[in-house]
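Q: I have a new model open and would like to learn how to read its features one by one. Could you walk me through them?

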Amino acid sequence: MASAGKKNLSKSRPGGYLIAVIGDADTVAGFLMAGVGERDGKKDVNYFEVDLKDTPVPAIEDAFKRFTEREDIAIVLINQYIANEIRPVLAKFSAPVPAVLEIPSKEHPYDASKDSILQRVRNMLGTS
């Protein structure tokens, strides 16, 4: 993950930067329909669909690590209930780029008390 902290988004990148999505089928489909999906020359994609019954946690961790190490990704969106499955990996990730944002899903509402970004902000501001 060392390369993730060295990104300089102030320099323009041909083709721009991407948003990666780690989510359930509905979330991934919604973002793909909105035009977020991308496949590069190596056939790597910027999305990973998770079904907690069938997707092993190490596969989710691997997708997160792949996305946060890519130079072309500026934001990683992850369903919060999926983020809870890899919370230790998220807690170790401290690079400002890509920004990791936890989002709700259709079946799982957002819980601000579990959001790692909000917890970091509270710690920086000295509020709990």
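A: Gladly. Let us begin with a rule for sorting residues: Ala, Val, Leu, Ile, Met, Phe, Trp, Tyr, Cys and Pro count as nonpolar, Asp, Glu, Lys and Arg as charged, and the others, Gly among them, as polar. Keep in mind that this is a predicted model.

Q: With that rule, how do the residues of the lining of the largest pocket divide?

A: The lining has 11 nonpolar residues, one polar and one charged. The pocket itself has a volume of about 170 Å³. Of its 13 lining residues, the closest to the centre are A95, A99, V100, I117 and R120.

Q: Which element supplies the largest share of the lining of the largest pocket?

A: That is α5, with five residues. Both β4 and α5 (116-125) supply at least two residues each.

Q: Now the overall layout. What pattern does the chain follow along the sequence?

A: Reading along the sequence gives β-α-β-α-β-α-α-β-α. In total there are five helices and four strands. As for burial, 36% of the 128 residues count as buried.

Q: How should I read a pair of aromatic rings?

A: The general idea is that such a pair is described by the distance of the centres and the angle of the planes. Here, a search of the whole structure finds one aromatic pair. F64 and F93 form this pair, with 5.6 Å centre to centre and 85° between the planes. Planes over 60 degrees apart count as edge-to-face, and the pair of F64 and F93 is edge-to-face.

Q: Where in the chain do F64 and F93 sit?

A: The pair links distant parts of the chain, 29 residues apart. F64 is in helix α2 (residues 57-69), while F93 is in the loop between α4 (87-92) and β4 (99-103).

Q: Are F64 and F93 buried or exposed?

A: Both F64 and F93 are buried. Elsewhere, an arginine meets a ring: R66 lies over the face of F67, at 5.7 Å from the ring centre.

Q: Which residues does a cis peptide bond join?

A: The bond joins V97 and P98, with omega about 5°. P98 is found in the loop between α4 and β4.

Q: How far apart are the C-alpha atoms of V97 and V76?

A: They are separated by 9.2 Å, and the two residues are 21 residues apart along the chain. V76 lies in strand β3 (residues 73-79). Why does V76 count as buried? The cut-off is under 20% relative accessible area, and V76 is buried because its value is 0%.

Q: Is N46 buried or exposed?

A: N46 is buried, with a relative accessible area of 0%. Its place is in the loop between α1 (25-33) and β2 (47-49).

Q: What lies 2.7 Å from a polar atom of the side chain of N46?

A: That is the backbone nitrogen of E38. So for N46 you can read the burial, at 0% relative accessible area, together with this contact to E38.

Terms used. Residues numbered from 1 in each chain as written. Predicted model: local features only at pLDDT ≥ 70, side-chain atom pairs only at ≥ 80, totals over all residues. Heavy atoms only, no water. Phe/Tyr/Trp six-rings, centres within 6.5 Å; stacked < 30°, edge-to-face > 60°. Buried < 20%, exposed > 50% of the residue type's maximum accessible area, 1.4 Å probe, protein only. Lys NZ or Arg CZ within 6 Å of the ring centre and 35° of its normal. 1 Å grid on protein atoms, 1.4 Å probe; cavity = no way out; pocket = protein on both sides within 12 Å on 5 of 7 lines; lining within 4 Å. Points joined across faces, edges and corners; volume = space filled by probe spheres on them. Polar contact = N/O pair within 3.5 Å; in protein donor to acceptor, adjacent residues only side chain to side chain.
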